[in-house]
Amino acid sequence: MSDTDQEPSQKSLLLVGGTSDIGRAVAAAYAAMGWKITLAARDVESAERNAADIRTRTGAHEVAVRPLDILDAARFETFLDRLDALPDTVVCVVGMLGDQQRAQEDAEYATQVMRTNFEGPALLLEMVAARFAARGRGLIVGVSSVAGDRGRASNYVYGAGKAGFSAYLSGLRNRLAGTDVQVVTVKPGFVRTSMTAGMDLAGPLTAEPDAVAERIAGLQTRPADVIYVLRVWRLIMFIIRSIPETIFKKLKL
Amino acid sequence: MKDLSGWGRYPRVSGPLNAAFDIRPAAEATAALPGVIARGLGRSYGDAAIGRNNTLDATGLNRMKGFDPDTGLLTTEAGVSLADIIATFLPRGYFPCCVPGTRFVTVGGMIASDVHGKNQHNHGTFGDHVEWLMLALPDDRVVRCSRDENAELFTATIGGMGLTGTILSAGFRLKQVETGWIRQNTHVARNLSEAVALLRQTASATYTVAWIDVLARGASLGRSLVLEGEHARKDQLPWGDVPFPHARNGRIGVPTDMPSWMLNATTVKAFNELYYRNGARKADRTVLVPWDAYFFPLDGVANWNRIYGRRGFVQHQCVIPDAKAESVVSEILERISSHGAGSFLAVLKRLASGSGLMSFPMEGLTLALDIPLSDKLMPLLAEIDALVVEAGGRMYLAKDATQSSETFVAGYPQLDQFRRLRNEIGATGQMASKLSERLGI
């Protein structure tokens, strides 16, 4: 909140998924570091609610909202062209948990869940990566999910979308290794948000959005490839991935 | 279905808990759910935040909306917590004009209970610093209420226990402070008369409150530490002190229910004795205390309500008009101390009258005590309540879990006006908590 925020060296963040609780927390953490923020979201009014919150909390004035529909890839180029400048960091927190049962019965709905979690974010970050590569630097953070580490009966439509996104980020990271464009995959585990409201989340396995934001803001000084916000999730998912399929398929998870 | 209770963990009721994450859904739920009450962080002690049929979790309304550094006017949604406000604005040199004894409360809860702090005698309740609020009514309208606009609804909502509608957002003032430190002066009162006199003498101080040793008897009945506080200026800090210290977050905690035998006359007496002696050693010196330790001493102990064991406890807080204040408080203390299992922190404070239709404060003395639940407790509380009624006093609804509807009716003379207003806006029966049901509001 220093008055030197306005100097030309001010860095900028593009936060894709500006209505989400994690997105709000990430944007607030960057605003507190003096960054200029653009929140991209389909529901502009709801994103504006978050923008006002961030302005009020940090005293920062430069929090903008831009409309973006993650399922409308045809407009991604225009969206990026119209930003004031190519951001220093892009964080994508877009996700749709959806309802597994409904997704099994309703193909159109399942398509929406998969496209929202995978196709849209992947295509957008591909274009961002191209621009970052042309500039020679940039940080791309994709918020994926532990649900993508192995498909389970309770949420495999969502999980498959996130698995695709994780694989995409992994490939992008591999391609850009050796350049100054970094790609980070974040797997938050359970997070207490409106998306998980009403679920019985185990306390020690559940992070607050602020904790996720802190890790993502910390990437500016501590680079990483794949982050599990709560370390215990790395172990849990290692075990879950290690269970032989013949046994795994019989488990109720 | 979810088990719902207040901070005292009595009563416990199973019921549906619906969460709202934005203003519009919260307003819609207010109209759609029958017998509903909004719930914040659940720090009211009894049954005020448990809906008769439905409970609306409003903690998702946690966005701040705007701040004017010149006037100190902060606008937030109703689920924003006081802890959040202080953490955000104290480092910028602002502090709320009124804070209750815990910072784990929401803006909506503070307005609905019209909470008071240690400066109420000079600076009023939280409601006195609210400029306006947005209220969702049972007929799905959202109205702005202030002293000029829907004024009667505004006055009824401040202290109205959520029974006029769901508070969605509000604008209220913060004051400027130079530091997050309080200069505290401790005075020792050897008995109740001295305590009452000291509270009067220190009334010009910004903050003043007395902690009473409830178990002291005989000539020492009502022996107290009277704690006076002022916001420290920057030039009053020793060189090198951080002007705005961070909150020390529950470094110690009560991990599980304490067995009830832990809390008996002997242990409580020992605690009170220690607290009294420790305070007395600091008497008549000015010490600097960080804001959290001064205003929210128990927030440092996570889940301190478990100290009172599985059955829970009640907090009993009454206010007695000046004329009979000292004699009635003395009588209450007599009965509590002969009852034995007294409270860790009993508090005595002067109050000035409140401005909400159903606000608790009135000119007089307020006494707050925690008492663990036991079989012989209810008859004791009934006796005490009778003393309160006879003296023209009343009970604080945010703490209440036990008073009778007769005690309540006697204490709140503006109840008829409140009921009429509730009828007019269609809130009767629609906005309803276990508290409103128990007291027949």
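These notebook entries record what I looked up in the predicted model above.

**Conventions**

I treated this as a predicted model, in which local features need pLDDT of at least 70 and side-chain atom pairs count only at pLDDT 80 or more, while totals for chains, interfaces and linings use all residues. Residues are numbered from 1 along each chain as its sequence is written, and chains are lettered from A and ligands numbered from 1 in the order in which they are written.

I took helices (H or I, at least four residues) and strands (E, at least two) as DSSP runs, numbered from the N terminus.

**Entry 1: helices α1 and α7 of chain A**

I looked up how α1(A), residues 21-32, lies against α7(A), residues 209-218; their axes come within 8 Å and cross at roughly 50 degrees. Axes are lines fitted to C-alpha atoms, for helices over the stretch in contact, and angles run from 0 to 180 degrees between N-to-C directions. The two helices are therefore oblique to each other. Angles under 35 degrees count as roughly parallel, over 145 as roughly antiparallel, 65 to 115 as roughly perpendicular and the rest as oblique.

I noted that this crossing is right-handed. A crossing is right-handed if the near helix is turned clockwise from the far one by less than a right angle, and left-handed if anticlockwise.

Among the residues that meet are I22(A), A25(A) and Y30(A) from α1(A), and V212(A), A213(A) and I216(A) from α7(A). Two residues are in contact if their C-beta atoms, placed from the backbone, lie within 7 Å. By class, this contact of α1(A) with α7(A) has 11 nonpolar, no polar and 3 charged residues. Ala, Val, Leu, Ile, Met, Phe, Trp, Tyr, Cys and Pro count as nonpolar, Asp, Glu, Lys and Arg as charged, and the others, Gly among them, as polar.

**Entry 2: helices α1 and α2 of chain A**

I then turned to α2(A), residues 44-58, whose axis comes within 10 Å of that of α1(A) and crosses it at roughly 35 degrees. The crossing of α1(A) and α2(A) is right-handed. R24(A), A27(A), A28(A), A31(A) and A32(A) of α1(A) touch N50(A), D53(A), I54(A), R57(A) and T58(A) of α2(A). I counted by class 5 nonpolar, 2 polar and 3 charged residues in the contact of α1(A) with α2(A).

**Entry 3: the two chains together**

I found 11 residues of chain B in contact with 11 residues of chain A. On the chain B side, strand β6(B), residues 64-68, gives the most, with 4 residues. That side has 4 nonpolar, 3 polar and 4 charged residues.

A residue is buried if 20 or more other C-beta atoms lie within 10 Å of its own, exposed if 12 or fewer, and partly exposed in between.

**Entry 4: residue E178(B)**

I located E178(B) in the loop between β11 and β12 of chain B. E178(B) counts as partly exposed, because it has 15 C-beta neighbours inside 10 Å. Leaving aside neighbours within four places in sequence, I found E178(B) in contact with G93(B), R233(B) and K234(B).
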